[in-house]
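Hi everyone, thanks for coming. Today I'd like to walk you through one structure, a piece at a time. Here it is on the screen.

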Amino acid sequence: MDKVLALIKDENAVWGSRGHSLIKCPFDVTPMEYIQYAEEDSLELSAKGCINAFSNAKRAMDSQIDMLLIAFVLNNLAAKKNWNIPRKLEVLNKLGIVAPRILAKFNKFRNLVEHDFVKPEQEKVEDFIDVVLLFIESTKLYLVDFLDDAEIEVEDKFDYWLGVVIDRESEIVNISYSNTKIELKPNNEHYIEFMKYYVAVAYRHR
């Protein structure tokens with residue numbers, strides 16, 4: 001596995017071929033629908049409207065997070081380990097797909113209302129909706145165009161490559177390297193690190 005990680009972390013690593021898939025929303029209400037509800041609620045200009053707007057924006061964030069976990073084959077592990085929202089965001093941050101500033105802002109708003117029971121102000125609710133919308137827009141690429149398979153190679157080293165195929169049904173990332181076959185599962189200690197660099201290379205423009 002050390003050689004695989006060294007290859008995929010190589011600054012000259014590029015994709016040779018890629019396969020795409022759409023991560024379908026498994027929920028009755030999509031994240032963008034929740035955001036629409038939040039924006040409509042915020043127009044009420046009342047305490048009730050602000051609270052409902054915040055709640056729907058939070059639902060949008062939570063559902064987008066869970067869809068990202070599905071994309072990265074981490075949803076069942078998250079359920080088994082009973083990850084809370086901060087833990088899920090921490091993992092997404094380690095994957096390199098959540099900006100730390102967004103994470104910090106989200107936790108600040110969430111703690112303010114849910115733990116301190118503070119009535120959210122109109123301006124802060126609107127800011128929170130904007131933060132959630134930014135999060136959804138910045139991560140939607142991983143849902144509408146997730147790279148389920150790719151061949152990764154290092155430029156000028158034509159015998160130095162690996163193949164990656166993600167099998168969500170079996171929850172296995174199949175890696176071909178030289179004459180070696182590796183089955184990487186979400187509970188493997190190297191899983192997060194590998195997936196971080198895999199998507200970084202696979203989405204990199206040649």
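Before we look at any pair of helices, we need one definition: a helix axis is a line fitted to C-alpha atoms over the stretch in contact, and the angle between two axes runs from 0 to 180 degrees between their N-to-C directions. Please also keep in mind that this is a predicted model.

Helix α7 covers residues 122-139, and its axis comes within 10 Å of the axis of α3, with the two crossing at roughly 15°. Angles under 35 degrees count as roughly parallel, so α3 and α7 are roughly parallel to each other. Their crossing is left-handed. On the α3 side, the residues in the contact include Cys50, Phe54, Met61 and Leu68, while α7 brings, among others, Val125, Phe128, Ile129 and Phe135. Sorted by class, this contact of α3 with α7 has 14 nonpolar, 3 polar and 1 charged residues.

Now let's turn to another partner of α3. How far apart are the axes of α2 and α3? They are 8 Å apart, and the helices, residues 31-42 for α2 and residues 47-71 for α3, pack at an angle of about 165°. The cut-off for roughly antiparallel is over 145 degrees, which means that α2 is roughly antiparallel to α3. Here too, α2 passes α3 in a left-handed crossing. The contact involves Pro31, Tyr34 and Tyr37 of α2, among others, and residues of α3 including Gly49, Asn52, Arg59 and Met67. By class, the contact of α2 with α3 divides into 9 nonpolar, 6 polar and 2 charged residues.

Next, let's zoom in on single residues. Ser21 sits in strand β1, residues 13-21. Is Ser21 buried or exposed? Buried means under 20% relative accessible area, and Ser21 has 19%, so it counts as buried. The side chain of Ser21 makes a polar contact of 2.6 Å with the side chain of Asp148. Setting aside neighbours within four places in sequence, Ser21 also touches Leu143, Val144, Asp145, Phe146 and Arg168.

My last stop is Arg101, which belongs to helix α6, residues 100-114. Exposed means over 50% relative accessible area, and Arg101 is exposed because its value is 67%. In sequence, Arg101 and Val131 are 30 residues apart, and in space their C-alpha atoms are 9.8 Å apart.

That's my tour, and I'm happy to go back to any part of it.

Notes. Residues numbered from 1 in each chain as written. Predicted model: local features only at pLDDT ≥ 70, side-chain atom pairs only at ≥ 80, totals over all residues. Heavy atoms only, no water. Helix = DSSP H or I, 4+ residues; strand = E, 2+ residues; numbered from the N terminus. Parallel < 35°, antiparallel > 145°, perpendicular 65-115°, else oblique. Left-handed = near helix turned anticlockwise from the far one by under 90°. Contact = heavy atoms within 4.5 Å. Nonpolar A, V, L, I, M, F, W, Y, C, P; charged D, E, K, R; others polar. Buried < 20%, exposed > 50% of the residue type's maximum accessible area, 1.4 Å probe, protein only. Polar contact = N/O pair within 3.5 Å; in protein donor to acceptor, adjacent residues only side chain to side chain.
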